[in-house]
Amino acid sequence: MHQRTWQGFTTGLDGEGILVVTLTGSNAVNAMTQGMKRDLAEMLAQAHMADDVRVVLFTGEGNAFCGGDDISGGFHSPDHAPASVPLLPPTDGLSIRRYASLRLVSHALTRAVRDMDKPMIAAINGHAIQSGLTLALGCDYRIAAPGAKLGSATLRFGFLPDEGGHHLLVEYLGAPRALEFLLGNKIVTAIEAERLGLVSEVADDPVAAARDLADRLARQPQVALRLLKRAVWRAQHASLDASLDDIALRAALSDDHPDAHEGVAAFRERRPARFNAWLAGGEPGAEPGAE
């Protein structure tokens, strides 16, 4: 699955387990279609379970990251490569079908992004609007080009942020500022997005900066890293007691893992730790892939 063309995006494995996902969309702004969303969710499920994937990096083709859903009439079109799964039938103006379609397509992608245990980085090379913004906000890091712009702006068309972007904006901004952002149809520059906390970093070459970050994350002990990521995201909605119990359960899994033994041994021997030998079936302290 790592070197192939899906509907509306391509994937390729780079470096030490960095899965680069390039959005190609259905037009110049890499707009999303139903098939693209379903393929993205399927791709993430496969990446989640693939031992050779350690970090997922999203970026866009051309001058855009993702300009949102395709509202030109192509949302249900099987453009680019055929979708990995059959398209669902159009909603045909029926509210009950619209409700089901949102849950099965748009919401499924938002959940797939947020449920990923492995680090996710968005290299925002251009506009990230509506579902493009939600995809970026669902990632753990967002590195934007100076000329990138971010926003929802669904009210301009009489729509709602039905993919769930409102929830993520509340997480980052708080309810009052998220309401101001959404009701004001705001589309902000990368610099303003960084000031608001929507962007982690502004870089002239966001893809290169994202790759550097991905390289560093890929060298970290992967079991502890993934458990810690999930613990942090869960902590924001949990009580202290629940978070303490959660981290204790996770530590019970990681404290006796070979990576933890290697970390302690490296500290005592005053040498760099060599984590993740388990991914290649090697011995603790051996370089991954070593015989």
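Is Lys-186 buried, partly exposed or exposed? With a relative accessibility of 34%, Lys-186 counts as partly exposed, where buried means under 20% relative accessible area, exposed over 50%, and partly exposed in between (1.4 Å probe, protein chains only). The model is a predicted one, in which local features need pLDDT of at least 70 and side-chain atom pairs count only at pLDDT 80 or more, while totals for chains, interfaces and linings use all residues. Residues are numbered from 1 along each chain as its sequence is written, and side-chain values use heavy atoms, leaving out hydrogens and water.

The structure holds 13 of them, each defined as a side-chain nitrogen of Lys or Arg within 4 Å of a carboxyl oxygen of Asp or Glu. Lys-186 pairs with Glu-180, with the closest N and O atoms 3.2 Å apart; Glu-180 is partly exposed at 47% relative accessibility. Arg-54 bridges to Glu-16 at 3.5 Å between the closest N and O atoms. This pair links distant parts of the chain, 38 residues apart, with Arg-54 in the loop between α1 and β4 and Glu-16 in the loop between β2 and β3. Helices (H or I, at least four residues) and strands (E, at least two) are DSSP runs, numbered from the N terminus. Arg-54 counts as buried at 7% relative accessibility, whereas Glu-16 is partly exposed at 35%.

Salt bridges with shared partners join Arg-234, Asp-246 and Arg-250 into one network.

Helix α5 (residues 175–183) has Ala-178, Phe-181 and Leu-182 as its buried residues. Seen down the axis, they fall within an arc of 90 degrees, taken from the directions from the helix axis to the C-beta atoms, so they line one face of α5. On the other side, Pro-176 and Leu-183 are exposed. Just after α5, Asn-185 takes a positive phi of about 50 degrees.
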